[in-house]
Amino acid sequence: MTEPLHNLIIQEIDFKKILPLWKLLWPNTSNILQMSSMQYLGGHDTDIYTKFKPTFLGLYHNNTLVGGVSGHKSSREDYRIRGIYILSKYRAKGLSKILFDAIILQAKKENSNLIWSFPKKQALFAYKKIGFIPSSKWIHNTHCFVYYSK
């Protein structure tokens, strides 16, 4: 077991601060937007860009941004966790749980009935560990839909 980290702070940040993490999460995406129009189990709704606002949370260790998560409503009752990323040297220390807990709390504050995501195959284990359940087959053998159940 790895030594737990101390001096951790989670705080709401802006898109500009989380963008370097998103470039690591999505290295082949040239134009990373603050939100996605994707809907749970398929389809898109571009009205979400004007109806809802995203939340970006940064996890800091000794004043260094070591991880981040974002989420936003995708409908009046649905909330999408859009991305979660922990710098490689900070992984396997329970930090993703801290970020998941914080963004799930945010979704609940926004009165969301369904919390969902569309994780990459290699991240599915982290989502399942928190309580997400796969709800689709693999799409392009890389991603699947999941929903939170707890």
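Student: How do strand S1 and S2 pair, and over how many bridges?

Tutor: Strand S1 (residues 8–13) pairs with S2 in the antiparallel sense, and the pairing runs over 6 bridges. Two strands count as paired if DSSP finds at least two bridges between them. Helices (H or I, at least four residues) and strands (E, at least two) are DSSP runs, numbered from the N terminus. Please note that this is a predicted model, in which local features need pLDDT of at least 70 and side-chain atom pairs count only at pLDDT 80 or more, while totals for chains, interfaces and linings use all residues. Residues are numbered from 1 along each chain as its sequence is written, and side-chain values use heavy atoms, with hydrogens and water left out.

Student: Which residue in S2 is the bridge partner of glutamine 11? And of glutamate 12?

Tutor: Glutamine 11 has glycine 58 as its bridge partner, and glutamate 12 has leucine 57. In general, strands of a sheet pair through backbone hydrogen bonds, either parallel or antiparallel.

Student: Is S2 mostly covered or uncovered?

Tutor: Strand S2, residues 55–61, is mostly covered, with 7 of its 7 residues buried. Buried means under 20% relative accessible area, exposed means over 50%, and partly exposed lies in between (1.4 Å probe, protein chains only). Both faces of S2 are covered: Thr55, Leu57, Leu59 and His61 are buried on one side, and Phe56, Gly58 and Tyr60 on the other. In a regular strand the side chains alternate between the two faces of the sheet.

Student: What about S2 and strand S3, how do they pair?

Tutor: S2 and strand S3 (residues 64–73) also form an antiparallel pair, over 7 bridges. Histidine 61 stands opposite threonine 64 in S3. The two strands form a hairpin with 2 residues between them, and asparagine 62 in the turn has a positive phi of about 50 degrees.

Student: Switching topic: which residues of H1 are buried?

Tutor: In H1 the buried residues are Phe15, Ile18, Leu21, Trp22 and Leu25. Seen down the axis of H1, these residues fall within an arc of 120 degrees, so they line one face of the helix. The arc is that of the directions from the helix axis to the C-beta atoms. The face turned away from the buried side carries the exposed residues Lys16 and Lys23.

Student: What do the buried residues of H1 pack against?

Tutor: They pack against S1, S2, S3 and S4. Contact here means heavy atoms within 4.5 Å.

Student: Which residues are buried in H3?

Tutor: Leu95, Leu99, Phe100, Ile103, Ile104, Gln106 and Ala107 are buried in H3. They cover an arc of only 160 degrees around the axis, which puts them on the same side of H3.

Student: Where is glutamine 106, and which residues is it in contact with?

Tutor: Glutamine 106 is placed in helix H3 (residues 95–109). Leaving aside its neighbours within four places in sequence, glutamine 106 is in contact with Thr55 and Tyr79. Glutamine 106 and glycine 71 are 35 residues apart in sequence and 8.4 Å apart in space, C-alpha to C-alpha.

Student: Last one: how many helices and strands are in the chain?

Tutor: The chain has 4 helices and 7 strands. From the N terminus on, its elements run β-α-α-β-β-β-α-β-α-β-β. Buried residues make up 45% of the 150 residues in the chain.
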